[in-house]
Amino acid sequence: MAGGKIQKKRHQQAPQQQKWGGGIPFEKSKGQHILKNPMLVETIVQKSGIKPTDVVLEIGPGTGNLTKKLLEVAKSVVAVELDPRMVLELNRRFQGTPHSTRLKVIQGDVLKCELPYFDICVANIPYQISSPLTFKLLAHRPAFRCAVIMFQREFAMRLVANPGDNLYCRLSVNTQLLARVSHLLKVGRNNFRPPPKVDSSVVRIEPRRPLPPVSFKEWDGLVRLCFNRKNKTLGSIFRQKSLLSLLEKNYKTLQALQISQKGPMVEDKVSSEDVAVLADMVEDLSMGTNDEKDDEEMDVEDMDVAGGAGEGSSFKDKVLGVLKQGDFAEKRAAKLTQVDFLYLLSLFNKAGIHFS
């Protein structure tokens with residue numbers, strides 16, 4: 001066309017997937033980031049402390065780089081893999097080798113399948129399953145000796161955070177209630193193929209034996225309330241009208257049940273499956289705070305409570321009396337240890353105040 005520009009039409013092509021070992025395209029959306037650094041693989045295996053008699057659980061083995069090293073030192077390896085292409089690649093890689101009889105591959109979702117017995121778990125996992133997988137492992141019986149797992153770095157630092165740290169949260173408290181957690185090493189994103197968008201860390205998790213003598217539903221109820229506003233004093237948190245109303249309702253219900261049973265209620269023995277109630281950690285991954293908004297909300301609620309009288313005011317005095325008894329009124333959840341929370345929960349329960 002005269003006076004005009006000739007425009008060439010470009011055909012849009014679908015983005016190509018990069019193919020790595022065995023010609024298999026890895027899918028980032030599924031968390032498929034394979035360790036490519038052999039020295040790093042060797043270091044992870046060494047830090048796992050695997051014995052020749054150990055059965056090792058590997059989650060997300062991919063093409064088997066870590067699997068091969070595990071088979072060299074362990075009695076046997078059970079590998080759980082969701083992707084059928086990776087399962088086929090694993091079987092092909094070790095078929096006809098001396099390791100083939102000591103490798104069992106389970107195809108399925110690790111969060112849904114029943115895990116077999118294992119002594120140690122070593123895994124480079126999809127980061128989107130970090131929280132539910134951590135607590136599924138901690139709920140597994142019989143308890144394993146330790147787990148050495150690659151996590152997204154921020155999640156890993158939350159696991160090992162101490163009271164007063166910026167990243168200290170419900171995830172930190174609940175995990176450390178059930179296990180001793182330690183940071184082993186930081187791993188840069190270029191050690192993977194394809195490289196993820198964030199750095200990673202390897203963490204060691206050792207389950208506590210025996211488990212603390214506590215109702216995990218009660219524990220999580222208390223900790224959840226305290227960490228909703230972790231930088232507020234407990235005295236401020238437990239003065240909220242809505243919270244006092246909920247606790248008083250639970251209190252009256254339990255009192256009525258005790259009267260109808262003509263005796264004190266006997267708590268059921270806590271089973272290992274109860275640990276699963278601690279797995280709901282999604283909101284803990286948010287770093288945002290709404291302290292100013294919280295101040296406004298709490299001031300209004302405090303005024304409502306302060307203006308009340310009678311039975312509600314008496315229950316409020318009961319709750320605040322528990323905090324005063326343990327010297328918790330001016331303390332903040334962000335600086336409380338597991339021992340502090342256990343003591344606080346015991347004081348509330350002795351007063352007949354429950355959180356589940």
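Me: How many bridges join strand 7 to strand 8?
Reply: In this predicted model, strand 7 covers residues 120–124 and strand 8 covers residues 146–152, and the two run parallel. One of the pairings links I120 to C146 in strand 8. The number of bridges that join strand 7 to strand 8 is five.

Me: Which strands are the edge strands of the open sheet?
Reply: Seven strands form this open sheet with mixed pairing, and their order is 6-5-4-7-8-11-9. An edge strand here pairs on one side only, and this applies to residues 103–107 and to residues 179–187, which are strand 6 and strand 9.

Me: At about what angle to strand 9 does helix 6 run?
Reply: Helix 6 is formed by residues 170–178 and lies across strand 9 as well as strand 11, the latter spanning 200–207. Its direction relative to strand 9 is given by an angle of about 120°.

Me: Which elements give two or more residues to the lining of the largest cavity?
Reply: The largest cavity, with a volume of about 80 Å³, is lined by I34, L35, E58, G60, P61, N65, L66 and N124. Strand 3 spans 34–35 and helix 2 spans 65–73, and the elements that give two or more residues to this lining are strand 3 and helix 2.

Me: How many charged residues are in the lining of the second largest cavity?
Reply: The second largest cavity has a volume of about 30 Å³, and the residues that line it include I44, V122, V148, M150 and V202. By class, this lining has nine nonpolar residues and one polar residue, while the number of charged residues is none.

Note on methods. Residues are numbered from 1 along each chain as its sequence is written. This is a predicted model: local features need pLDDT of at least 70, side-chain atom pairs count only at pLDDT 80 or more; totals for chains, interfaces and linings use all residues. Side-chain values use heavy atoms; hydrogens and water are left out. Two strands pair if DSSP finds at least two bridges between them. Helices (H or I, at least four residues) and strands (E, at least two) are DSSP runs, numbered from the N terminus. Contact means heavy atoms within 4.5 Å. Axes are lines fitted to C-alpha atoms, for helices over the stretch in contact, and angles run from 0 to 180 degrees between N-to-C directions. On a 1 Å grid over the protein atoms alone, a cavity is a set of points where a 1.4 Å probe fits but cannot get out, and a pocket is an open set with protein on both sides within 12 Å along at least five of seven lines; lining residues have an atom within 4 Å of a point. Grid points are joined across faces, edges and corners, and a volume is the space filled by probe spheres set on the points. Ala, Val, Leu, Ile, Met, Phe, Trp, Tyr, Cys and Pro count as nonpolar, Asp, Glu, Lys and Arg as charged, and the others, Gly among them, as polar.
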